[in-house]
Amino acid sequence: MNKSILIVDDEKAIVDILKFNLEKESYTTICAYDGQEGLHLARSKNPDLILLDVMLPGMDGFTVCKTLREEGNNIPIIMLTAREEENDKVFGLELGADDYITKPFSLRELLARVKTNMRRAASAEAPPAAGSGNVLIRGELIIDLDRHSVFKNGRSLELTQREYELLKFLAASPGKVFSRQELMSEVWQYDYFGDLRAVDVAIRRLREKLETIPAEPKYVMTKRGVGYYFECDQ
């Protein structure tokens with residue numbers, strides 16, 4: 001069955017262009033032209049990915065994204081925005097968007113990001129190998145690689161797939177410092193695509209869920225001027 005993509009944008013010309021090019025790549029498309037309709041279709045159609053414009057009538061894209069994440073819906077979301085302000089982009093990521101792309105964008109870049117997020121989501125949904133018992137134990141943390149779950153002191157942590165992948169990657173090599181560029185390449189799977197600020201936002205969101213005192217982390221550490229690492233003493 002073809003993967004489905006929900007396009008939410010109030011500019012019909014953009015929707016038509018995206019629909020045409022995505023269907024050329026064998027995706028099934030679902031279209032909405034305002035935030036309320038987009039939210040309804042996200043809930044009822046359960047697409048594999050959402051292309052979500054920020055500036056929408058009725059309910060803006062930020063609110064749609066925030067609502068879906070609060071409901072526990074982890075469908076990959078790529079925000080589409082004509083805004084250039086850095087704060088708007090970071091705000092979308094902080095609400096739980098997986099990625100963003102600024103208009104005007106090249107279709108080549110957009111399709112690359114769609115494929116990358118689809119690939120990550122498909123990997124996350126792969127069934128675990130029977131009886132593998134595949135876990136990483138790091139101090140109070142248990143990272144269940146089969147169920148894509150993280151537990152701290154026996155309590156399940158509600159991480160997005162991006163946060164989980166980031167934690168898993170760092171914890172697999174405790175003490176090794178990775179630059180933002182390396183994390184973008186390995187976790188986001190982007191080379192020259194992608195914005196390094198997304199790494200900082202994901203680290204901040206991960207610490208808020210993982211650390212007892214996010215401002216005083218004990219797991220995910222910063223090597224100033226270099227990058228991030230998982231504390232090897234855990």
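## Loop residues with positive phi

Asparagine 46 sits in the loop that runs between α2 and β3. The model described here is a predicted one. Although asparagine 46 is not a glycine, its phi is positive, at about 50 degrees. Is this residue buried or exposed? With a relative accessible area of 52%, asparagine 46 is exposed, because the cut-off for exposed is over 50%.

Serine 26 is found in the loop between α1 (12-24) and β2. Serine 26 also is a residue other than glycine with a positive phi, here near 75 degrees. Its relative accessibility is 44%, so serine 26 counts as partly exposed.

## The parallel sheet

Strands of a sheet pair through backbone hydrogen bonds, and the pairing is either parallel or antiparallel.

Valine 8 has leucine 52 in β3 as its bridge partner.

The loop between β5 and α5 (107-124) holds proline 104. The peptide bond from lysine 103 to proline 104 is cis, and its omega is near -10 degrees.

## The antiparallel sheet

A further open sheet is formed by 4 strands in the order β6-β7-β8-β9, with antiparallel pairing. Its edge strands are β6 (135-138) and β9 (155-157); each has a single partner strand, so one side of each has no neighbour in the sheet. The twist in this sheet averages 25 degrees from one strand to the next.

Strand β7 (residues 141-144) and strand β8 (residues 149-152) run antiparallel and are joined by 4 bridges. Which residue in β8 is the bridge partner of isoleucine 143? The partner is valine 150. Helix α6 packs on the sheet and touches β6, β7 and β8. The direction of α6 makes about 110 degrees with that of β7.

## Helices α6 and α8

Two packed helices are described by the angle between their axes and the distance between the axes. For helix α6 (residues 161-171) and helix α8 (residues 197-210), the axes come within 10 Å and cross at roughly 85 degrees. The two helices α6 and α8 are therefore roughly perpendicular to each other, because angles of 65 to 115 degrees count as roughly perpendicular.

On the α6 side, the residues in the contact are Glu163, Leu166, Leu167 and Leu170. They meet Ala202, Ile203, Arg205, Leu206, Lys209 and Leu210 in α8. Of the residues in this contact, 7 are nonpolar, none are polar and 3 are charged.

## Helix α7

Helix α7 (residues 180-188) has Leu183, Met184, Val187 and Trp188 as its buried residues. Seen down the axis of α7, these buried residues fall within an arc of 105 degrees, so they line one face of the helix. An α-helix has 3.6 residues a turn, so residues three or four places apart point the same way. Just after α7 comes glutamine 189, which takes a positive phi of about 65 degrees.

Technical notes:
Residues are numbered from 1 along each chain as its sequence is written. This is a predicted model: local features need pLDDT of at least 70, side-chain atom pairs count only at pLDDT 80 or more; totals for chains, interfaces and linings use all residues. Side-chain values use heavy atoms; hydrogens and water are left out. Axes are lines fitted to C-alpha atoms, for helices over the stretch in contact, and angles run from 0 to 180 degrees between N-to-C directions. Angles under 35 degrees count as roughly parallel, over 145 as roughly antiparallel, 65 to 115 as roughly perpendicular and the rest as oblique. Contact means heavy atoms within 4.5 Å. Ala, Val, Leu, Ile, Met, Phe, Trp, Tyr, Cys and Pro count as nonpolar, Asp, Glu, Lys and Arg as charged, and the others, Gly among them, as polar. Buried means under 20% relative accessible area, exposed over 50%, partly exposed in between (1.4 Å probe, protein chains only). The arc is that of the directions from the helix axis to the C-beta atoms. Two strands pair if DSSP finds at least two bridges between them.
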